[in-house]
Amino acid sequence: NCLGYLIKYILIIINLKKKKSKFISLLKYFFISFKNLINEIFFSLSLNKEIIKKNKLIITNFKDNWMKKNSKYRYIYIQNFNKKSKYSYLVSCLRNNTNSHNSYFKYIKKINILGKQNDIFFTEAWVSPLHIIKNYFFGYFLLIKNYFRYKNFFLEHNLNSYHSILCIFYLIDYPKNKNLEFALKNFFEAQKEIKKICIPVFELNDGKIACKIGNDLKISTYGVQHGYFNIWHKWRFYYNLKTCSDLSKNFFPKNIFFFGSNTFKWYKKTNYIFKKIIGNQRVIEYPKKYNFNKVNNNNILILLDLRDWHEKILSLNDIFKKTKYNLIVKAHPFTISNVKKLMIDKKLIKNFKFINDLKFFKKKYPKFVLSSDTGAIIELTKAGWPCFLLNNPTKPNISPILNHNNSLVRLDATRELIIEIEKFQAYHLKRYVRKQQYFSHLHLAEIGEKAGKKFQKYF
């Protein structure tokens, strides 16, 4: 009996903790939702509706899509090689592919600077504060109405994460996406000149909403591949859109431009889309062609990815701190400040050097390139640099160069790494590099102005 009471008491405590955990989780999601509501209202009140005169429009988000140079912002996915804009831009101040919107107080100064440039218009101007409030409160109402109904459905299918799924959907995703849909519909109803719209990041929720509205209104819709993709990205870049197309083919752009044949083949059987390989216009020029006769045998270039850079840096620090090698670190553009901070705070070994671009290698090339799952490996392998992939210890590698490529050298970030890299001789590497150039070409047909001219021809 005592044991039975003890077990019952423990179960009561566990149940109370679960309830407390769900309540805290609910408060967390409600707080995110409330912040999003406030930011949407402030941006709606601060921005003006304007009429577009040009007939070609590019739809984009502000965060991570625009880079400031010489006091002006430029859009990073589509280059303007003619110096004279043929397009207008519809920019979302809020959206960033996370649960939380961008903060009004953090971004309003940047948005005001961007708004002074020609041909810039803002999505959030086209939805009223009253409509914003209505959609958020309707989302709260739907959560209360449907929570227990869908809870049982999820539990029947062994999905115990139902609480987070329902809270995120009704408190965050529903009002965000309904407001975006309403803003875009209002915007296009007011514009008479627009004949074509381009949605570079078309596979995410924002892009699917923009495609659906544009296609429903008989506006020509275009999508552009915006990064190098591994087979693990296919679920996002192809399968989820293919699933949506079962509901409506209007979730797809009617025209898609690709970097190379690798991703082009995914859409081979999608007959209702015009497909064209144009290359990557973001890359202005290739890295300087690698020269095996001009190598500093003590230098190794480290390429870091957007997400796994922290673990890679610390692992490499432990491996190389008592060796002759100098590690030349090139971070992802979005993580540069964080990588620098880590290297200073952790007092990493003196033979780490941080670089922003490859101009550092003017006279001598590094002996090797050790790369994490970054797309930069495509451009370097195409220029003949000897690149090896660092394995992820706890998850699959998603480097694009891996696609159908069994010849890529993959190395573990362990004590054996130095022994492994010192085995390679120059004559072996030259043959290895030629193989990798073939695989990189599948990802990248053209770059820079050549790719830009193809985009302008078909858009």
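Visitor: How many salt bridges does the structure hold?
Guide: Eight salt bridges. The term means a side-chain nitrogen of Lys or Arg within 4 Å of a carboxyl oxygen of Asp or Glu. This is a predicted model: local features need pLDDT of at least 70, side-chain atom pairs count only at pLDDT 80 or more, and totals for chains, interfaces and linings use all residues. Residues are numbered from 1 along each chain as its sequence is written, and side-chain values use heavy atoms, with hydrogens and water left out.

Visitor: Which residue meets K54 in a salt bridge?
Guide: D119 does, at 2.9 Å from N to O. The pair links distant parts of the chain, 65 residues apart. D119 sits in the loop between helix 2 (104–115) and strand 5 (120–122). K54 sits in the loop between helix 1 (2–46) and strand 1 (56–61). Helices (H or I, at least four residues) and strands (E, at least two) are DSSP runs, numbered from the N terminus.

Visitor: And how accessible is K54?
Guide: K54 is partly exposed, at 25% relative accessibility. Buried means under 20% relative accessible area, exposed over 50%, and partly exposed in between (1.4 Å probe, protein chains only).

Visitor: What does R95 pair with?
Guide: D206, with the closest N and O atoms 2.9 Å apart. R95 lies in the loop between strand 4 (88–92) and helix 2, and D206 in helix 5 (residues 205–216), so the pair ties together parts 111 residues apart in sequence.

Visitor: Is R95 buried or exposed?
Guide: R95 is buried, with a relative accessible area of 6%.

Visitor: Where do K212 and D216 lie?
Guide: Both are in helix 5, four residues apart, about one turn of the helix. K212 is partly exposed at 24%, and D216 is partly exposed at 40%. There is also a network: K178, E181 and K185 are joined by salt bridges that share partners.

Visitor: Switching topic. How many disulfides turn up?
Guide: Zero, in a search of the whole structure. The cut-off is a pair of cysteine sulfur atoms within 2.5 Å.

Visitor: Now the inside. Which residues touch the most other members of the largest nonpolar core?
Guide: F43, L57, W66, F188, Y267 and F455, out of 81 residues. A nonpolar core is a set of buried Ala, Val, Leu, Ile, Met, Phe, Trp, Tyr and Cys residues joined through side-chain atoms within 4.5 Å. Helix 4 (residues 162–190) gives the largest share, twelve residues.

Visitor: What does F455 touch?
Guide: I78, Y87, C198, V224, F257, I278 and Q281, leaving out residues up to four places away in sequence. Contact means heavy atoms within 4.5 Å.

Visitor: What lies apart from that core?
Guide: Another core, of 54 residues, including L370, A383, F439 and L442.

Visitor: Last one. Where is L27?
Guide: In helix 1. L27 is partly exposed, at 45% relative accessibility.
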